[in-house]
Amino acid sequence: MRFELETIARGLLLPVVVSIVVAWVLLRVLPRNVAQRFAGAVGCAVGFIAGYALLEPRHLRPSTYWQWLPWLGIVTAIAGPVGLVSRIPAVGRWTLWLVISVVSAWLLVPTWADLNLSRGVYVTLFAASLFLLTMLLDELALRTSGTMLALSLCISALCGAVLLAVFVSVRFGLLTVAAAAALSGCWVTTFRNSARDLVRGVTLFYSVVVGGLMLTGQVAAVLPTACFALMLAAPSMLWVCEFPPLSRSQGKHAVMIQLVAIGLPLATAFLLAV
């Protein structure tokens, strides 16, 4: 038991440390405009794969759907920031993210014969969800506090981990905590760097990796699909704070409103689960 607890603790601490260190190094060795796009995303992806390798050392070579997650995380760490290059038009960025969403959905949706929907429908709906969520979060990063958005990604992933661990599988819950821990490294990095660009680079990672983990719960559990959808989409609720009268709030009052906006869908997801 002691060994298991130590392994779990290291598996959760390692992603945080690796994410922060990788982002710190990139911010100092790469040109500023490149580093701002890549540091957060690469830090998250490397941090997550480090935690995954410690928690699931025998499953680094994918043999089933959920084992593609760490490698898709690496792909998003490249594709997400590349799409933000100023020379790439919005249509090019959206096309790239759509391709990544479709490929991710194809790899992450199980090939089981007893899925509630046909696999083709599942892939289409999941790919569309990943793409739309990434677009919403990317645009939100241009409008709201990058540090708050990064925090909302961490909170949502952590709550999703609790949902998975309690109602689905401890294994998937721990992997989602590892993702939340890696995302927290990005959040910490935003304290002293350009939060907007750092978080924009991470939105595709969040959608694919945390979305993929929520999918594992959705296909394996008897819980309503809304539970997992609300967990994943909770950060997008910050959009309500961008319109009057909530947009007029400032300081601590604004922060409290933003936290409530994030917390409502998370609380609703837990209520639906129980």
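Let me begin with a helix contact: R37, F38, A41, V42, A45, F48, I49 and Y52 in α2 meet L69, P70, W71, G73, I74, A77, I78, P81 and V82 in α3, where contact means heavy atoms within 4.5 Å. By class, that contact has 15 nonpolar, one polar and one charged residues. This is a predicted model, in which local features need pLDDT of at least 70 and side-chain atom pairs count only at pLDDT 80 or more, while totals for chains, interfaces and linings use all residues. Residues are numbered from 1 along each chain as its sequence is written, and side-chain values use heavy atoms, with hydrogens and water left out.

Helix α2, residues 32-55, and helix α3, residues 69-82, pack at an angle of about 175°, with their axes 8 Å apart; the two are therefore roughly antiparallel to each other (angles over 145 degrees count as such).

Turning to the rings, the whole structure holds seven aromatic pairs, a pair being rings of Phe, Tyr and Trp (its six-membered ring) with centres within 6.5 Å, called stacked for planes under 30 degrees apart, edge-to-face over 60 and tilted for the rest. One of them joins Y52 and W66, tilted, at 6.4 Å centre to centre with 55° between the planes, and this pair links Y52 in helix α2 to W66 in the loop between α2 and α3, 14 residues apart. Both Y52 and W66 are buried, that is, under 20% relative accessible area, with exposed meaning over 50% and partly exposed in between, for a 1.4 Å probe and protein chains only.

Ring pairs also link F48, Y52, W66, F172 and F205 into a cluster.

Note on methods. Axes are lines fitted to C-alpha atoms, for helices over the stretch in contact, and angles run from 0 to 180 degrees between N-to-C directions. Helices (H or I, at least four residues) and strands (E, at least two) are DSSP runs, numbered from the N terminus. Angles under 35 degrees count as roughly parallel, over 145 as roughly antiparallel, 65 to 115 as roughly perpendicular and the rest as oblique. Ala, Val, Leu, Ile, Met, Phe, Trp, Tyr, Cys and Pro count as nonpolar, Asp, Glu, Lys and Arg as charged, and the others, Gly among them, as polar.
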